[in-house]
Amino acid sequence: MPSRQPFALIESGAHGFAITAVNGEAARLGIEPGISLADARAAHPGLLSRPAEPEKDRIALLKLARWAGRYGPNRHVDGKDGLWIDITGVAHLFGGEEALLDDIVQRLQSFGIAVQAGLADTLGAAHALARFGCPPGAAWVMSPIMETREAIASLPVEALRLDPSCVLLLKRLGLKRIGQLYDIPRDSVARRFRSSDVASAVLVRLDQALGVAEEPRKPMQPLPVLSVTRAFAEPLISSEALEAFTGELAAELAAALAEKDLGARVLRLTFYRADGTAGSIAAAMSTPSHDARHMLALLKEKFPDMDAGFGVDLLRLDAVRAGESGATQKRFTAGEGSPFRHPSELIDRLVNRFGNAAITVLRPNGSHIPERAEVRLSALDVLAAESSSRVSSYAPPWPYPKRLERPAFLLARPEPIEVTAGVPADPPKSFIWRRVERRVVRAEGPERIASEWWLSLDDEKKKPRTRDYYRIEDQKGALYWVFRHGLYEGEDTSERPSWFLHGLFA
Amino acid sequence: MGEKHLSAELGKPPGNVREAVIEGLRSRILSLERHAPRRGAWASAAQIPESAAPSAASQRGRQELGWKLGCPAVDALLPAGFEAGALHEIKGAPSTKEGASAADWMSGIGFAVRLAIRRIDALAGQERKARGERPWLLWCWPRSLSAEFGVPSAAGLLGLGLDPSRLLIVETGRASEALNAIEESLRAQSLAVVIGVLDEADLTPARRLSLAAGETATPCLLVTHPASEPAAATATRWRVKRQPTGPHVFDPRAPGASRFSIALERCKARPESAAQPAVLVEWSDETRRFDLASVVADLPAETRRVGGGAIPAAVRPH
């Protein structure tokens, strides 16, 4: 963006192009956002312009907000062109509030961003100071602790984040400064305004700015339970160095977690690059863990995804979620004297590498239809749930009798087969599956499985059909599980029964 | 033979010192070759017969124990049993030269699953069972194979005698990822046995699996494509062909106990075992062991009914 020449961003509106933003030079010439490009060009033919790209601006601002996490985890974008950061309990890490402000402003200016920063006890006051209270030539302004009332008294009422109509109304009433609102009795504010909505909006904003009313804000990311950071004077580029410091952070976080008798469930390593961008890698765990070695092993897997860019000058390791780590899980052993360790660490590593859906366990599902009687669930989620339950090692019972002849492998969906059977109700004599004919030597059955008729009560067209399952053996000794869908009599006979192969015996 | 070792170990006056020393050296070389660094230096625990294992033996020792099929005729091929910290390859017999049907794959898979049951039984002593601690096992294959054969079903595994709640199923996109996952699982020391199902394993991945298995004494049963090249670096390789099932106890028209003809194609520890002809074994769901299929019971159903006396192999006393 040229800084020496007047420059404006434009947007096509109802009356031709309108200016939406200007640079410092253009502002000095008196060009303001809102006037049309034609008018501005008439006065200053040298004005450069470009179409505005609000969507890209928004994304860039979000990226900046992500980067701003280095100053505090609780932060987000503020409007179209602002950021807010909650620095409660953070300033001392940077050597005081002034040093913190200097640091923010310097870094942002080094990225080529014009900055005005405000720091106050409340979000509303900080907003007002940053946008309206910055003295010319200064990049930041700070209100001392507990002096918010005085600090924002002289600011215009626009600084209170009110609708333009509200501001206009206040100005018509002669209330131009925030300080003028302090002395008006609250009841009379409501009386002076036409509607109580407007009055309450003004009062709420004023209370928020002064810290009388709370103003919760949604942070950009869920706030971590615990986090540890490490800043570097020189940006790190080599992955070995990053790994070493990640190891240190992991040890630090593990110790902090252990002290509270907590274990991390989800870890996030955020790396703040020197060029004002940030990236992160995350890892989930099935059992709350405060084992630094395990944490590092999980994070190390993701290091290839990590782009150090021009160098990383701050690393932050968050325990995004944590759970109570019971005494039994401290060392991940299955119990006294067992040679095996609990598989949760293995599951974490596999999930980390292949995704949550790739590692599954079988659990009962409360149905008697074979394909619905059991479900495959993510091993990570199941173990997390089962390890957090009060029963130390909970495994749900299977609703099957002890001796059940069922195939070890169920096809994802039953595959239709062509069958020749002597008598309609008999097991097949031979069948064609996957284009190969197989002669049936022996068969056992049927095992009749009735449909879940209660599921199709509302559906007139879908008649429930009974399945007759047979265990059949072909001439080579291979065992198959086939079924006839539908009966020959006693049921809806509009459709002929058809045969399917549902499973393979191992 | 086992007694001889035991006596040498316990420091009793050995009958033949020279032989014992040679045997000891042999087992030492064996353990060096298998790159099992944490193994006991002299006679490996696997050499102690199952029944003679002292009760004070560490759990680690129990975990390293070789396990047996339960059928003396086959177990004679492997005096030390299936080696725990090693890679065992299992291949079905291809029905045609070019390819293999689902049934050919299932022969190998069926044998592997039953071997895993034997392993878990060997591992889970009575006292462990009482404490309700059941070991985990892991099943790993690429998604392409699970699309072909379906997914492991709890009902079926329960029928075979495996605890489905303790089964981890890993499905990866590519075969190389499956190898990677198997290796990671072997190193975890959390699993009683790892079953991998793959088209094939090249030399380097197979060696890696073998090393990982040796490190933690976790056996790896690798079921590979029946018609593919055999993997290198395996402790044993089995060729398994499913045979018509044995007679059903009550119903002559129903399929009975599963039968496999198994041949040991490669045996690193005892190469002379590999040349033996195939053996027909039968799996019994009751005793959870393999046994030689009874030829008497193989007679046609009519003959048996006339004779009335033939006892099915499954219930024959041992």
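About 70 Å³ of space lies in the largest cavity of the structure, which is a predicted model. In the whole structure, a search finds 8 cavities of 30 Å³ or more. The largest cavity is lined by residues of chain A, namely Lys476(A) and Ala478(A), together with Ala93(B), Ala103(B), Asp104(B), Ser107(B), Lys241(B) and Arg242(B). The largest share, 3 residues, is supplied by H5(B). By residue class, the lining of the largest cavity consists of 4 charged, 3 nonpolar and 1 polar residues.

The packing of two helices of chain B was also examined. The axes of helix H9 (residues 175-187) of chain B and helix H10 (residues 203-216) of chain B come within 8 Å and cross at roughly 15 degrees. Because angles under 35 degrees count as roughly parallel, H9(B) is described as roughly parallel to H10(B). The crossing of H9(B) and H10(B) is left-handed.

On the H9(B) side, the contact is formed by Leu179(B), Ile182(B), Glu183(B), Leu186(B) and Arg187(B). These residues meet Pro205(B), Arg208(B), Leu209(B), Ala212(B), Ala213(B), Glu215(B) and Thr216(B) in H10(B). The residues of the contact of H9(B) with H10(B) comprise 7 nonpolar, 4 charged and 1 polar.

Terms used: Residues are numbered from 1 along each chain as its sequence is written. Chains are lettered from A and ligands numbered from 1 in the order in which they are written. This is a predicted model: local features need pLDDT of at least 70, side-chain atom pairs count only at pLDDT 80 or more; totals for chains, interfaces and linings use all residues. Side-chain values use heavy atoms; hydrogens and water are left out. Axes are lines fitted to C-alpha atoms, for helices over the stretch in contact, and angles run from 0 to 180 degrees between N-to-C directions. Helices (H or I, at least four residues) and strands (E, at least two) are DSSP runs, numbered from the N terminus. Angles under 35 degrees count as roughly parallel, over 145 as roughly antiparallel, 65 to 115 as roughly perpendicular and the rest as oblique. A crossing is left-handed if the near helix is turned anticlockwise from the far one by less than a right angle, and right-handed if clockwise. Contact means heavy atoms within 4.5 Å. Ala, Val, Leu, Ile, Met, Phe, Trp, Tyr, Cys and Pro count as nonpolar, Asp, Glu, Lys and Arg as charged, and the others, Gly among them, as polar. On a 1 Å grid over the protein atoms alone, a cavity is a set of points where a 1.4 Å probe fits but cannot get out, and a pocket is an open set with protein on both sides within 12 Å along at least five of seven lines; lining residues have an atom within 4 Å of a point. Grid points are joined across faces, edges and corners, and a volume is the space filled by probe spheres set on the points.
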